Amino acid sequence: QLQAFGGGLVQPGGSLRLSCAASGLNFRLFTAAWFRQAPGKDREFVAGIAGTGGESHYTDSVKGRFTISRDNVRRRVFLQMDGLNPEESARYYCSVRGGAITTLQSDYAYWGRGTQVTVSS
């Protein structure tokens with residue numbers, strides 16, 4: 001089970017830190033990722049991190065602004081988001097898979113319900 005939290009309303013240029021708590025699985029064996037979905041749009045990959053935390057991957061639009069990290073002892077994955085813009089308003093989902101990082105949502109077997117991020121002045 002995955003539960004994401006930390007979303008909210010933030011002004012353009014602001015920051016948020018999302019967290020996702022995992023239970024019921026050997027978390028360190030799973031790649032974790034964040035996706036987002038805005039109304040009327042497809043769900044898109046944002047960032048992913050390998051089980052060991054030694055490898056990460058970001059979609060181009062967030063490179064240099066977002067940072068994904070994980071704490072395998074606490075079974076959590078985080079997404080630090082800086083420099084947010086209104087186009088990034090979406091519901092953010094955490095997910096895990098038992099393989100390498102991929103950007104395809106169909107590759108991820110487990111999903112949380114997501115947390116809403118709204119960027120607006």
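User: In which strand does Ser95 lie?
Analyst: This is a predicted model. Strand 9 covers residues 90-97. Ser95 lies in strand 9.

User: Is Ser95 buried or exposed?
Analyst: Buried means under 20% relative accessible area. Ser95 has 1% relative accessibility, so Ser95 counts as buried.

User: Which residues does Ser95 touch, not counting residues up to four places away in sequence?
Analyst: Contact means heavy atoms within 4.5 Å. With residues up to four places away in sequence not counted, Ser95 touches Leu2, Thr31, Ala32, Ala33, Phe35, Tyr108, Tyr110 and Trp111.

User: How many bridges pair strand 9 with strand 11, and in which sense?
Analyst: Strand 11 spans residues 115-119. Arg91 stands opposite Gln116 in strand 11. Strand 9 and strand 11 pair over three bridges, and the sense is antiparallel.

User: Strand 2 is also joined to strand 11; do the two run parallel or antiparallel?
Analyst: Strand 2 takes in residues 8-10. Val10 has Val119 of strand 11 as its bridge partner. Three bridges join strand 2 to strand 11, and the two run parallel.

User: Which residues of strand 11 make up the covered face?
Analyst: In a regular strand, side chains alternate between the two faces of the sheet. In strand 11, Gln116 and Thr118 form the uncovered face. The covered face holds Thr115, Val117 and Val119.

User: In what order do the four strands of the open sheet stand?
Analyst: The pairing in this sheet is antiparallel. From one strand to the next, the twist averages 15°. The order is 1-3-8-7.

User: Which strands stand at the edges of that sheet?
Analyst: An edge strand here has a single partner strand, so one side is left without a neighbour in the sheet. That holds for strand 1 (2-5) and strand 7 (66-71).

User: How many bridges join strand 7 to strand 8?
Analyst: Strand 8 covers residues 76-81 and runs antiparallel to strand 7. Asp71 stands opposite Arg76 in strand 8. The number of bridges joining strand 7 to strand 8 is six.

User: Asp71 also meets a partner in a salt bridge; which residue is it?
Analyst: A salt bridge needs a side-chain nitrogen of Lys or Arg within 4 Å of a carboxyl oxygen of Asp or Glu. Asp71 is partly exposed at 21% relative accessibility. The N to O distance is 3.9 Å, and the partner is Arg74.

User: How many salt bridges does a search of the whole structure find?
Analyst: One of them is the pair Asp71 and Arg74. Another links Glu44 and Arg36. The search of the whole structure finds five.

User: How far apart are the closest N and O atoms of Glu44 and Arg36?
Analyst: Glu44 counts as partly exposed, at 34% relative accessibility. Arg36 is buried, with a relative accessible area of 6%. Their closest N and O atoms are 2.6 Å apart.

User: How many residues separate Glu88 and Arg65?
Analyst: The side chains of Glu88 and Arg65 meet in a salt bridge at 2.5 Å, N to O. Glu88 is in the loop between strand 8 and strand 9, while Arg65 is in the loop between strand 6 (56-58) and strand 7. The pair links distant parts of the chain, 23 residues apart.

User: Is Glu88 buried or exposed?
Analyst: The cut-off for buried is under 20% relative accessible area. Glu88 stands at 3% relative accessibility, so Glu88 counts as buried.

Notes
Residues are numbered from 1 along each chain as its sequence is written. This is a predicted model: local features need pLDDT of at least 70, side-chain atom pairs count only at pLDDT 80 or more; totals for chains, interfaces and linings use all residues. Side-chain values use heavy atoms; hydrogens and water are left out. Two strands pair if DSSP finds at least two bridges between them. Axes are lines fitted to C-alpha atoms, for helices over the stretch in contact, and angles run from 0 to 180 degrees between N-to-C directions. Buried means under 20% relative accessible area, exposed over 50%, partly exposed in between (1.4 Å probe, protein chains only).
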